[in-house]
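This report describes salt bridges, a pocket, a surface patch and some backbone angles in the structure shown below. Please read it alongside the coordinates.

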Amino acid sequence: MASSPTNTAAPTTGGLNEKKHDRRSTSSDSVYAEHEDRTGTSNQHRNPKNARLEASKKLANPLAGLSPPRLEAMGEEYAIMAGLTSEEDIRAFRLGARIAGDESNYGLIPELTEREKEVLVRETTHKWSNPPMLYWVVVICSLCAAVQGMDETVVNGAQLFYRDKFGIGSDSSRDTWLLGLVNSAPYLCCAFIGCWLTEPMNRIFGRRGTIFVSCIISAVACFHQAFTNTWWHMFIARFYLGLGIGPKSATTPIFAAECSPPKLRGALVMQWQMWTAFGIMVGYIADLAFYFVPDHGIELGLNWRLMMGSAMIPAVIVVCLAFLCPESPRWYLSKGRHQDAFGALCRLRFEKVQAARDLFYTHTLLEAEKQAMSGVKKGNRFKELFTVRRNRNAAIASSGLMFMQQFCGVNIIAYYSSAVFQDAGFSDVSALAASLGFGVINWLFAIPAMYTIDTFGRRNLLLTTFPLMSLFLFFTGFSFWIPEDSKAHIACIALGIYLFGMVYSPGEGPVPFTYSAEAYPLYIRPIGMSLATATTWFFNFVLSITWPRMVTAFKPQGAFGWYAGWNIIGFLFTLFLVPETKGKTLEELDHVFDVPLKKLVRYGADQSLWFFHRGKNGKGMKPTAPSAEMYHGDAERMGEVVSEMRPTAGEKRWNKEREREGGIMGRGDAAGKV
């Protein structure tokens, strides 16, 4: 669908000077003033940690409760502050601010044109109807995901050749450890360097620039891999490939989310997992396609070099196309470039009133984030990740799921399936073809996750798929005991791997990243996500480096059984320590995570007993998930909810002042305890 003629960037009028960029909108200040007036709180009597949690909660809807005239005035004030002073722009921001505060009924705003009303309604009724430029952003992000998938899996087939060429193809302890080290090098770099470069690269280069730079690194590293002649040379090339994988994997979903309309945001972010699975499949296709390429006199062979180098193709495409799409409007706002942000949004929306609405709301959210993080050094925010119970519980659940994403065993198949199929008796070509079958299944079964993750729920998906993944890995490992001269030997091994892929893709595949992105309060979310991604990449490294030695020492039966056992642990971990987050607002998530761990464990036990009791006689009352909200207004039961951490001297003074004023007894309200 073509863009409306009004969908053009706002004209610049000489630009804003730096002082103008640094000005703070009075409209944003008034939002917080009205919030404090309604709640009767004062900064001087507020527990610092509780204040940050309360400010983080306001991000759920910082405009809630403001009257339409006030919203329109705030929108106009912001437009003037940003230098968007044309009559058309001021009208767009006046109406956009009103819509941002209340999207329930566009018909009550007579100033909207019929075209604007139609577009606003279609955001809900036809959420996939958007300007072509938005889908160009989706294409770029999908290509980035495909780069990621190919970077991870072309090594699957190439190692069948280079391990012998490099002299690390035997079953000796030295060779198996070196093969694992070479294959795992990118993930070692991701865990300790790549993931932690995300924030400074985004700050300096922007979202678009970070994607551009990380894809250049990936392309150069893949090209380098194709020209290596020793194992340590290959290790170096693959190690700095991690400098491209880490920032790209963290930035691309953020870029998609910040460019998307609110109604479409979740679906577009979920496509990262789906198109990564697509890239994994393409990596297997490349392995099979280049298998028959003759050496042509090239030392140590040519086919595996083409396999390793082929991953640079989608990276080069992204490098060529990245700057043809607009930068993230949110990033422009973080730099005070309001006019550029409005121009970018006008390219991503049909009407200026849509762009003004999203820009005004994003600006208000950024001001709320600044309030939430005011006076908190980065080191203190990292400390509060573990000292504040609401944050600590989120970190336990998020990091545990990221750990289990690796130790469920999926990447022993993604990285070593060709070798596994070889051990099962497949020829080289058959092993590569069987690996391609896993890639196709992994991609196709990732597609339903876009629907099931928001309907079936994160926790339920994991509780359903962990036992099945365990069962299918046991089945795969035990199938190696079937006599090799039986057709069932090969068939059962392949069947077990394929069934595992079918249940992994809609469950432990997409859930950990989605869960981690929503579990943390916004004032520590960047640090929480860095911890989560570093966790998954570190244990990806552990899995990759240990598998060759493990399968030699334990045999396939024991190695697959090891990861099958971890899936049982993953089921128990989810049952007892992972609360459901589906459909929760930021405020509701504070209640979900701000609960003593013993309450979560008790709920998991009650839920399992209820499940078996219901299956036996169809009766029984379903247990209610624990929430800090249960304990509102009951001082005695608050004692069970409030953390037993010893208060500081400042917190003790704060508590005494609050008690003298008739406030809630204890160390804080139920939404902001420590």
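Asp151 forms a salt bridge with Lys248, with the closest N and O atoms 3.9 Å apart; the term salt bridge stands for a side-chain nitrogen of Lys or Arg within 4 Å of a carboxyl oxygen of Asp or Glu. Asp151 lies in helix H7 (residues 132-165) and Lys248 in helix H10 (residues 231-259), so the pair ties together parts that are 97 residues apart in sequence. Helices here are DSSP runs (H or I, at least four residues), numbered from the N terminus. The model is predicted, so that local features need pLDDT of at least 70 and side-chain atom pairs count only at pLDDT 80 or more, while totals for chains, interfaces and linings use all residues. Residues are numbered from 1 along each chain as its sequence is written, and side-chain values use heavy atoms, with hydrogens and water left out.

Asp151 is buried, with a relative accessible area of 1%, and Lys248 is buried at 0%; buried means under 20% relative accessible area, exposed over 50%, and partly exposed in between, with a 1.4 Å probe and protein chains only.

Side chains of opposite charge can pair when their charged atoms come close. A search of the whole structure finds 19 salt bridges, and the table lists two of them besides the pair described above.

| Pair | N to O distance | Helices |
|---|---|---|
| Glu123 and Arg357 | 2.8 Å | H6 (residues 114-125) and H16 (residues 352-372) |
| Arg390 and Asp590 | 2.6 Å | H18 (residues 389-407) and H26 |

The pair of Glu123 and Arg357 ties together parts that are 234 residues apart in sequence, and Glu123 counts as buried at 10% relative accessibility, as does Arg357 at 3%. Glu123 and Arg357 are also linked with Arg349 and Asp358 in a network of salt bridges. The pair of Arg390 and Asp590 joins parts that are 200 residues apart in sequence, and both Arg390 and Asp590 are buried.

## The second largest pocket

Which residues lie nearest the centre of the second largest pocket? They are Arg459, Asn460, Leu463, Tyr603 and Gln607, among 32 lining residues. The elements that give two or more residues to this lining are helix H22 (458-478), helix H25 (525-577), helix H26 (586-593) and helix H27 (597-617), and H27 gives the most, with eight residues. By class, the lining has 17 nonpolar, seven polar and eight charged residues, where Ala, Val, Leu, Ile, Met, Phe, Trp, Tyr, Cys and Pro count as nonpolar, Asp, Glu, Lys and Arg as charged, and the others, Gly among them, as polar. A pocket is an open set of points on a 1 Å grid over the protein atoms alone, where a 1.4 Å probe fits, with protein on both sides within 12 Å along at least five of seven lines, and lining residues have an atom within 4 Å of a point.

## Positive phi in a loop

Most residues other than glycine have a negative phi. In the loop between helix H11 (265-289) and helix H12 (303-309), His296 has a positive phi near 55 degrees, and His296 is exposed, with a relative accessible area of 62%. Leu300, found in the loop between H11 and H12, has a positive phi of about 70 degrees although it is not a glycine, and Leu300 counts as partly exposed at 21% relative accessibility.
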